[in-house]
Amino acid sequence: MSSTIGLRAATNGCSSSSSVLNGAATCHAIASKTLNGNNLHTMNDATTTTTTTSKCPDLAAKVIQKSHIVCFDVDSTVIREEGIDELADFCGKGSEVARVTKEAMGGSMTFQDALKIRLDIIRPSQEQIRDFLKSRPSTLTRNVKRFVEHLKAEGKQVYLISGGFHCLIEPVANELNVPLSHLYANKLMFYCNGEYAAFDTNQPTSRSGGKAEAIAHIRKQYEADTVITMIGDGATDLEAVPPANYFVGFGGNVVRPEVYKRAQYYVTDFEQLM
């Protein structure tokens, strides 16, 4: 199937999903049979140890095949780390930021408030950012580069959408040959002396619902029947549908139980989507 944007017959993205979803009734049966090394992932978190089985990886691959645009979360999806946690640790503020992160996950504050508090604690200078990038470069997730190359070879557009920081993700985008115009992330602002000043609150990813807002902005640039799929590990990625047509959960680095529970499609290795 051609994935070139603008050349498809006019169809509604949701209604055209029937060809992919015909096998939904056997979805759990498919998942239960994929107990091989590529479809299992063991993950330790603060409360539990689980073995996660992919959910409908064959159907997820068909979703990718019919998509014109594939959007990726970055932290714990495209890369193995969580950028803000790594930066906080590098700046000697790891434990303080971890406490705020835990409170934010409990729903006691908005995403933007939590981001502001954490950055006010870290206050990274431009020099610290440069040193951080040199000493702790991000680690690409297994098979993600090959998957992105595969998508591009099929004529699909690739976007990175992150609640992390633009300056930390730029090297990742460059390594994946994703143009920076296809990167949506938070931008840090600095004083003339290089000290941290603030973050740009106009960026959609700086607030709750920001990933959905970013995808809505992307959608306006293409034809109405363009099919967009979001891939990520977190609840903010899951909630990007709509305006994205599909969501594929990713648990190759960390498994979020609620995301795994709610996602119709879930994989633990990008190879499963090729």
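## Basis of the model

In this predicted model, local features need pLDDT of at least 70 and side-chain atom pairs count only at pLDDT 80 or more, whereas totals for chains, interfaces and linings use all residues. Residues are numbered from 1 along each chain as its sequence is written, and side-chain values use heavy atoms, with hydrogens and water left out.

Helices (H or I, at least four residues) and strands (E, at least two) are taken as DSSP runs, numbered from the N terminus. Strand β9, residues 246–250, is mostly covered, five of its five residues being buried, where buried means under 20% relative accessible area, exposed over 50% and partly exposed in between, with a 1.4 Å probe and protein chains only. Tyr246, Val248 and Phe250 point one way from β9, while Phe247 and Gly249 point the other way.

Two strands pair if DSSP finds at least two bridges between them. Strand β8 (residues 228–232) runs parallel to β9 and is joined to it by four bridges, with glycine 232 having glycine 249 of β9 as its bridge partner. Strand β10 (residues 265–267) also runs parallel to β9, through three bridges, and here phenylalanine 250 has valine 267 of β10 as its bridge partner. Together with helix α13 (residues 257–262), β9 and β10 make a right-handed β-α-β unit; right-handed means that, with the strands pointing away from the viewer, the path from the first strand over the helix to the second runs clockwise.

## Helix α3

Helix α3, spanning residues 57–66, is mostly covered, with seven of its ten residues buried. These buried residues are Pro57, Leu59, Ala60, Ala61, Val63, Ile64 and Lys66.

## The second largest pocket

The second largest pocket holds about 160 Å³ of space, a volume being the space filled by probe spheres set on grid points that are joined across faces, edges and corners. On a 1 Å grid over the protein atoms alone, a pocket is an open set of points where a 1.4 Å probe fits, with protein on both sides within 12 Å along at least five of seven lines, and lining residues have an atom within 4 Å of a point. Of the 15 lining residues, Ile79, Glu81, Gly83, Phe132 and Ser138 are the closest to the centre of this pocket.

## Cysteines

The structure holds zero disulfides, a disulfide being a pair of cysteine sulfur atoms within 2.5 Å. Cysteine 91 counts as buried because its relative accessibility is 15%, whereas cysteine 167, at 22%, counts as partly exposed.
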